[in-house]
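Biologist: I have a chain to look through with you. Can we go over the fold and then the contacts?

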Amino acid sequence: MMELASTSRLLKALADETRLRILNLLGREELTGTDLMEILNMGQSRISTHLTLLKEVGLVRDRRAGRRVYYTVVQNGSASDLLSQVLEENSGSTEFASDVASLEDLQHRQHTNESRSFFDRVAATFGDQVLPGRTWEGLCRALLRLAPRVRYADLGIGDGLLTMMVAEVAESVTAVDISPKMLDLLRQRAKTKGLSNIETVEGEIEALPLEDGIVDVAILSQALHHAVEPSVCLAEAARILVPGGRLLVIDLHTHTEDWVREKLQHRHLGFSESALSSLLQEAGFESVHVQRAARDPHPPHFLTLVATGTKAR
């Protein structure tokens, strides 16, 4: 039970419009004196006087964090019960509504400033940081959502990861590979994922067992360096494309890691930008574009090229 003198001081503390506005704000958010000065548009001395009085009657407590002092409402005791009743009765006041709007504006500006300061600080090293949720697979899946829902052919499927991702957005995907086991694994994964638009075809990428002009997009992802004759492989890709169809090639830039021939069955040690561009043009592709895409961060730091071209109409 509160003493009469304590009750009198408490009632006097609550008998002030500014202090009620402060209490209403601190009941919503832990704030500094500077925050209250900006929200209420009042000087430091006036805010400090009100906070000191509110602390004395047990309505507000503070905590120090570095150079800043944060204030919040005390959430227990008879004084807290009385405060809750007073604030509830005045919850619809114009003053409270204006203060809350100013608080939200302040929080938005503080968040923006903190974000800007963080990204300015880490800008030079941002690409080297480990960031939650940032994966190349995630980025690829997101970008594929923008891809047209048409007929695709994945020539030389490898582990089938790209085939599966393309199938999620494609009308159909024809998956071609020389390995029946690779194709069998792809069929199992597709069944598990509930994908029914993948057709598997066993065959060589230099002699595709497919009819002319049956797909809209052909993909050669890390497959061209396995071809004995890359020019023949690209000519076959052009053959199965409809007029105006697109080709996507992802492959390695020229390198000197000869061990890949025996260990990974590579027949070519990558391609230069000019060589890959010439190969696409000789196969009859127009609007050919070749660019360096990414370098593997791990030794021997293979560099990846991405090339695109359009079959003449």
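This is a predicted model: local features need pLDDT of at least 70, side-chain atom pairs count only at pLDDT 80 or more; totals for chains, interfaces and linings use all residues.

Biologist: Which salt bridge do the side chains of R151 form?

Modeller: R151 meets D216 in a salt bridge, at 3.0 Å from N to O. R151 is in strand β4 and D216 is in strand β7, so this pair ties together parts 65 residues apart in sequence.

Biologist: Is R151 buried, exposed or partly exposed?

Modeller: R151 counts as partly exposed, because its relative accessibility is 28% and that class lies between 20% and 50%.

Biologist: How many salt bridges in total?

Modeller: The count comes to twelve. Among them is the one between D62 and K55, at 2.8 Å from N to O. D62 is partly exposed, with a relative accessible area of 34%, and K55 is also partly exposed, at 36%.

Biologist: And what does R261 pair with?

Modeller: R261 forms a salt bridge with D258, and the closest N and O atoms are 2.8 Å apart. R261 has 36% relative accessibility and counts as partly exposed. D258 is partly exposed as well, with a relative accessible area of 45%.

Biologist: Which residues do salt bridges with shared partners join into one network?

Modeller: E38, D105 and R109.

Biologist: Switching to the fold. What is the strand order in the seven-stranded sheet?

Modeller: The order is β6-β5-β4-β7-β8-β10-β9; the sheet is open and its pairing is mixed. At the edges are β6 (198-202) and β9 (285-295), each of which pairs on one side only. Neighbouring strands are turned by 15° against each other on average, direction ignored.

Biologist: Start at the β6 end. Do β5 and β6 run parallel or antiparallel?

Modeller: Parallel, with five bridges joining β5 to β6. V173 stands opposite I198 in β6. To get from β5 to β6 the chain goes through helix α9 (residues 180-193), in a right-handed β-α-β crossover.

Biologist: Is β5 mostly covered or open?

Modeller: Mostly covered: strand β5 (residues 172-177) has five of its six residues buried.

Biologist: Which residues of α10 are buried?

Modeller: P230, C233, L234, E236, A237, A238 and I240. The buried residues of α10 pack against β4, β7, β8, α12, β9 and β10.

Biologist: E236 is in that buried set too, noted. On to the largest nonpolar core: which residues touch the most other members?

Modeller: L155, L220, L234, L247, V249 and L276, out of 30 residues in that core. At least two residues of this core come from each of β4, β7, α10, β8, α12, β9 and β10. The largest share, five residues, is supplied by α10.

Biologist: Take V249. What does V249 touch?

Modeller: Leaving out residues up to four places away in sequence, V249 touches L220, L224, L234, L276, L280, L305, V306 and A307.

Biologist: How many residues are in the other core, the one lying apart?

Modeller: That core has 28 residues, including V57, V60, V86 and L103.

Note on methods
Residues are numbered from 1 along each chain as its sequence is written. Side-chain values use heavy atoms; hydrogens and water are left out. Two strands pair if DSSP finds at least two bridges between them. Helices (H or I, at least four residues) and strands (E, at least two) are DSSP runs, numbered from the N terminus. Axes are lines fitted to C-alpha atoms, for helices over the stretch in contact, and angles run from 0 to 180 degrees between N-to-C directions. Buried means under 20% relative accessible area, exposed over 50%, partly exposed in between (1.4 Å probe, protein chains only). A crossover is right-handed if, with the strands pointing away from the viewer, the path from the first strand over the helix to the second runs clockwise. A nonpolar core is a set of buried Ala, Val, Leu, Ile, Met, Phe, Trp, Tyr and Cys residues joined through side-chain atoms within 4.5 Å. Contact means heavy atoms within 4.5 Å. A salt bridge is a side-chain nitrogen of Lys or Arg within 4 Å of a carboxyl oxygen of Asp or Glu.
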